[in-house]
Amino acid sequence: MKTYQADEKGYYGEFGGAYIPEMLYPNTEELRQNYIRIMQDPSFKKEFDQLLKDYVGRPTPLYFADRLSRKYNTKIYLKREDLCHTGAHKVNNTIGQILMAKKLGKNRIIAETGAGQHGVATATVCALMGIECIVYMGEIDIARQAPNVARMKMLGAEVRPALSGSRTLKDATNEAIRDWINNPVDTHYIIGSVVGPHPYPDMVARFQSVISEEIKWQLKEKEGRENPDYVVACVGGGSNAAGAFYHYLDIPEVGIIAVEAAGKGIDSGESAATSALGKVGIIHGSKTLLMQTHDGQITEPYSISAGLDYPGVGPMHANLFASGRGEFISITDDDAMKAGLLLSKMEGIIPAIESSHALAILEHRKFKPEDVVVINLSGRGDKDLNNYIEYFNL
Amino acid sequence: MGNRINKKLNEDGKLLSIYFTAGYPKLGDTVEIIQQLEKNGVDIIEIGLPFSDPLADGPTIQQSSTAALKNGMTTEILFDQLKDIRKSVSIPLIIMGYFNPMLQYGVDAFCKKCQEIGVDGLIIPDLPVDVYHEEYQETFEKYGLINVFLITPQTSEKRIRFIDSVSNGFIYMVSSASVTGAQSGFGDEQQAYFQRIADMKLKNPQIVGFGISNSETFEQATKSAKGAIIGSAFIKHLNGHGVDGIDKFIETIR
Ligand SMILES: Cc1ncc(COP(=O)(O)O)c(C=O)c1O
């Protein structure tokens, strides 16, 4: 059977693999040899499930959005990842990886962050476990995401500025990788999305797969069937999307819709729509689609949403795009902001701007009245209030 | 095939290899730097093709790469600068760069161009030996290029043996678990690692890199290895002096 999951070497079709310097080989190899065994270990599973339940607040509701459904004349369900502790799906992965790090005997955690969501989720689980935590963050992002920097500090993490290159997320990721090269024995790198060298994309997707695992039984309860007609998610690196798609990847009846950030428009030069603008190449150890110059230098993306502001996508998504399995749509800043405001007014839910991109699909694509459309609401809008205030002059 | 690298490795004595980032400090410095290095007795030159995201490099080489790209360096410009290099330079030349720019140029086209110019080998830190062996070895060999792999203190014996079997030039022995950048010196642990590798009696000679900055570290590194590579320390020199005084810098090493 054709599968859209990773193969043993971490390839999704032609995408993925581990294009890493030899200095990183022992680190990723240790993880590669152990991650599946550890994840399948009953004691690991028990602890993971328990924490997801008691600490994160899972299962998150699958909410039938009645007013929104009537407006768009289709059946819309929202998967409420915004109700997770720390305000987004990111924590599903950091809980999994901190337990993984413990099993591997690591006592120092590093992470990268752009907007600070993954940094906060990592700092949170490190506080929970009493493990040292260092978060790399671009100097420019530190300046524009002050509240999340403060959160990480309150949680006991050290925030280290990435001063190289363009001083944003991709450079923070470079710095975290360099730290890992310099500290190969005691340190675990908690990467924040389904990106990076094998086994990260597959491991993070597995931790996030709890999202679609829950959708299945929740939809069965509500609609009498496990499979929606469509599942929709925004894609930065692609972890919330990977989690929402995971158990549907190989079920062709379920339409998969990935929403990328068009920024100020695909042709504006200020965009993060990787599938539209990217070419195959290597970024952060993975062969995937990425935005780059003719010459192979990685370029700086733009989106109003910091979480979608990454010049690549995870290899799973590159393959969904290249194979045609996924439908890829890009949404501008303006359309996302409108969709965010609309959800707030119609359903009383203020979404993260990342998630607003996924919601904007409803204005951009027709669904049939009998279609069941699940939209992954990856995070809440608290962190984005300043952006909303400025944008709408609230 | 008589590659210049193999011939050089067969000479007596310890080899000094110098790395610099092409396009730094000024876009047009490449040829001048190469000529000066040869004139001053350097044995092998590594020409760095700058990349926006050099994962394995410390601050010094990162900054030189960023500056080189700002100066306008591209793969095509570098090849153009090097097109007549063999009229004036005869020591081995190696291009060191990350894989993505090569992939975008086309691996076959890139290798072909290297052969035309007279480049002898490549060092591509993020092209792992397994992928090279399965997908690219034939292409490199078709154009007579030597690909150089890195090993570190953490590399397992089994993997070192595999790397040795795939290599046909030298092995780049990374001095410690770290990114590039000068260190203050090598301790017992590193000396023991150098000795351990020497005792493996590999078919390829080893050249030590990362953390070599002066005559003392050069000597320590070459006690059991065939040679050593200086990168960041030379970039720092270029940063302060431009292309002047390369002779004085080399004199301080040996
Ligand atoms: C709420 C929210 N959604 C989505 C993303 C994008 O990440 P990913 O594509 O990995 O889900 C982020 C990243 O910070 C986020 O905070």
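Is B:Asp57 buried or exposed? B:Asp57 counts as buried because its relative accessibility is 8% (buried is under 20% relative accessible area, exposed over 50%, partly exposed in between, with a 1.4 Å probe and protein chains only). This is a predicted model, where local features need pLDDT of at least 70, side-chain atom pairs count only at pLDDT 80 or more, and totals for chains, interfaces and linings use all residues. Residues are numbered from 1 along each chain as written, chains are lettered from A in the order written, and side-chain values use heavy atoms, without hydrogens or water.

**Annotated positions**
- An unreviewed UniProt entry places "active site" at B:Glu46 and B:Asp57; such annotations may be inferred rather than shown by experiment.

**B:Asp57**
- B:Asp57 sits in the loop between β2 and α3 of chain B (helices are DSSP runs of H or I, at least four residues; strands are E runs, at least two).
- Beyond four places in sequence, B:Asp57 touches A:Arg178, B:Gln62, B:Tyr98, B:Val179 and B:Thr180 (contact means heavy atoms within 4.5 Å).

**B:Glu46**
- B:Glu46 lies in strand β2 (residues 44–49) of chain B.
- B:Glu46 counts as buried, because its relative accessibility is 0%.
- Its contacts beyond four places in sequence include B:Tyr19, B:Met96 and B:Tyr172.
- The side chains of B:Glu46 and B:Ser17 make a polar contact (3.4 Å); the term means N or O atoms within 3.5 Å, and within protein one must be able to donate a hydrogen and the other to accept it, while residues adjacent in sequence count only through side-chain atoms.

**Helix α11(B)**
- Buried residues of α11 (residues 232–241) of chain B include B:Phe234, B:Ile235 and B:His237.
- Their cover includes β1 (15–21) and α12 (246–253) of chain B.
- B:Gly242 follows α11(B), with a positive phi near 60°.
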